[in-house]
Amino acid sequence: MSAALTPASIAELVEAVRSTPQLIAVGAGTKPRLSAVNVTKLSTTALRGLVEYEPSEFTFTALTGTPLREIIAALAERGQYLPFDPMLVDAGATLGGTVVAGLSGPGRFRFGGVRDFILAVQFVDGAGRLLRMGGKVVKNAAGFDLPKFFVGSLGRFGVLTEITFKVFPRPASRLTLKVEANTIEATARILTEAANSRWELDALDLLPDGSSICLRLAGPSAALESLADEILARWPGRKLTEAEADVLWAELREFQWAHTGLPLLKVALAPGDVVAFHQTIAALDGARAHISAGGNVAFVSLAAADQFAALDEKLRALQLSGVTLRGDAPLWSGTRTASKISHAVKAALDSENRFPSLDD
Amino acid sequence: MAHPALQRLAELLPPERLLVQPQQLAAYESDGLTAFRQRPLAVAIPETSDEVIALVRLCHELELPFVARGSGTSLSGGSLPVAGGVVITLNRLNHILKLDPAQRIAVVEPGVINTQVTLSAAPHGLHYAPDPSSQSICTIGGNVAFNSGGAHCLKYGMTSNHVLGLKAVLATGEVVDWGGASRENVGPDWCGLFTGNEGLFGIALEITLQLLPRAECFHTVLAGYRTLEQAGDAVAAVIASGLLPGAMEIMDALALEAAVAAVHAEYPPDCEAVLIVELEGPREVVSADRVRLDEIIAASSPVEARPARDAEERLAIWKGRRSAFSAVGRLSPDFIVQDGVVPRRRLGEALRRIGEMSRESGLRCANVFHAGDGNLHPLILFDGRQPGALERAEALAGKILKMCVAMGGSLTGEHGIGMEKRDYLPDMFSAEEIDCMKRLRAAFDPLGIANPGKMFPGPEAPALTHHGLHPLEKAGVIFRE
């Protein structure tokens, strides 16, 4: 997909927005359904790089088109990391795309998702104004929290130019355990008990095979072995080697388990929905789901595009909502409530409808 | 009831829940920012969500200003009434509607007291993380409106990081229902936008809160230092070590003096600053991390370092810290508390300059702060009976705020802009950015009836008059943090 516009500076981006009647920003295109709208594409890929990084402040500011992998590498040099555990890193996903997609990885279980680590944004609104909201310090309560609103906003309310994040020191070591359960009910019980335990897990995921649970510990290595032994005394399973764990988490992070070329969705779940949701997926021949963050989010890979209608109907019955990240399927699924305020806020940020609406 | 609005209000609520007499209204004239006072037209006391919705819709119909109020502990004047408007007090919507330990959530009404959430969750080994110092009296509705913080924000974030779902009535009368039991979300983050709206968008009716497993183990160290700089250096060393403490707090000499006077706290002698650092987590993790922390503290040249040996000693350390704000009331007839944020690396510089400005203005200034996240709470001491003293204190507070912004920080870490800091909003945001916020506000409240006069600079402020400490604050029930 070649973008019609590729501004090389924030000033050029502002000018591009002002001179284009209808557009949507696109990063690396790793979640193409989100921007599959028939308007001019504005590529952010030339706007890349760290603008500020203060390890002692636990904060950095980067241009929106910066690939996550560059940020991860820069943070790692100073012993820090992105606790929301971004997805599609090897695929080249950008920071801005990750924010507007609202996409966090398994590690969001411990400290929270993208929304919990975003501190400030600079963006261009529908009138072409360059604005900053939030604050570049780890604690701030001044003004409305528009940075959080942009998380999951799919580029429909403005074009991000710079984003400030909070980061944390990287845990000294990690240890991944894999335990098996025979039934989905047993699986759900393990997820609940593990989530409520004293162990403070770093990640807690049900793999796309539908029966393996992965528990990741993070912290000083001396402590992890003892915690792992206690977990394995509770449920049968084993410790993965570092190499095995790296492969496993990379497969999940990059959606390597998903069918290629077919719809991939994110669905917001509550832990209490896990059993019914799992049964829904099992009823769709060949469909797979990675249930992440202790049962708070699922990534669904359909085995055929025509399974979407059945999934949509089941999600509505379960009062769940999904968004399609890639593949040929409608953008939204499950329950969606129309609200007047949604249109009013759209008008406040983009009165000329320069960006598509959430319904497009 | 001459006022036509009062007649309409009386149709919604029985007389005992619609206060209109001056002596009844007096208790609602002020909040935690006692320098401002305003008598409302009426105080409405709804008991159900439906009553709140009906009240807001009536206000919308009549273009009647309304101010939502919980326990009235706002330190930024966020719940100050509006002349001719109605105060909607939410204390009777105080039910925990659902506590779901399996999903680790609580669904609460806005009038539920902050600590009640943790108390209800405790039997299940869970807790609610945000812990503003007024937590024993402040309400979740107020916490949501002002995105309250506390001592654990570096690791756990603020209120907004723990709000998963919201049912709210907007100032237009529209009822919205966002999010729910999931920690994840699809579509724009409406709960994130609503939290911290300072009462300008509407009123939260049901709030879904995330609960966390209570840490199994704590390691709390109190260390005294000859100079504030040394304490600041110790914080920098802890941060650089890669440890992530649950809390890091500093109190300066004047704050220590107050805590000693108030709760007989005992601190190492001849210290200009005391640092409190707390680690928390599974016992294996804490016992590994505490070795490193103890080494770092030992290397930071403290006068003395005292690790808490048991839960009782830990609570004593926190009691001293939590008492510091109201305790300052023992040192001075009046004080103003500020809430600026500076980048952590500039803490030492910020404190030096606060000291200089304080000397120049002839007013004493005590400092208590969340060192882990650069959130300063300078307490400016003055005597309101002296002519011009309040004005000098306000001027000093303003200088401190401007300094925080100039250093790349923020006007407010956790108290909000409210009435108090609204004139400084242009120091942090451009005119275009403030216009953007005003357009957002107008989207939620086209008539400008929800808590008007707060957050944005404007002509609606009542005259600045001095009224001294809030009675509850004098009694040590509420705290300024």
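Colleague: Which residues of helix H10 (residues 274–282) of chain A are buried?

Modeller: This is a predicted model, in which local features need pLDDT of at least 70, side-chain atom pairs count only at pLDDT 80 or more, and totals for chains, interfaces and linings use all residues. Residues are numbered from 1 along each chain as its sequence is written, chains are lettered from A in the order in which they are written, and side-chain values use heavy atoms, without hydrogens and water. Taking helices as DSSP runs of H or I of at least four residues and strands as E runs of at least two, numbered from the N terminus, and buried as under 20% relative accessible area with a 1.4 Å probe and protein chains only, the buried residues of H10 are A:Val274, A:Phe277, A:Thr280 and A:Ile281.

Colleague: Which helices and strands do the buried residues of H10(A) pack against?

Modeller: Contact here means heavy atoms within 4.5 Å. By that criterion, the partners in chain A are strands S14 (264–268), S15 (288–292) and S16 (297–301), together with helices H7 (184–195) and H11 (308–317).

Colleague: How many helices and strands does chain A have?

Modeller: Buried residues make up 64% of the 360 residues in chain A. Its secondary structure comes to 12 helices and 18 strands.

Notes
Buried < 20%, exposed > 50% of the residue type's maximum accessible area, 1.4 Å probe, protein only.
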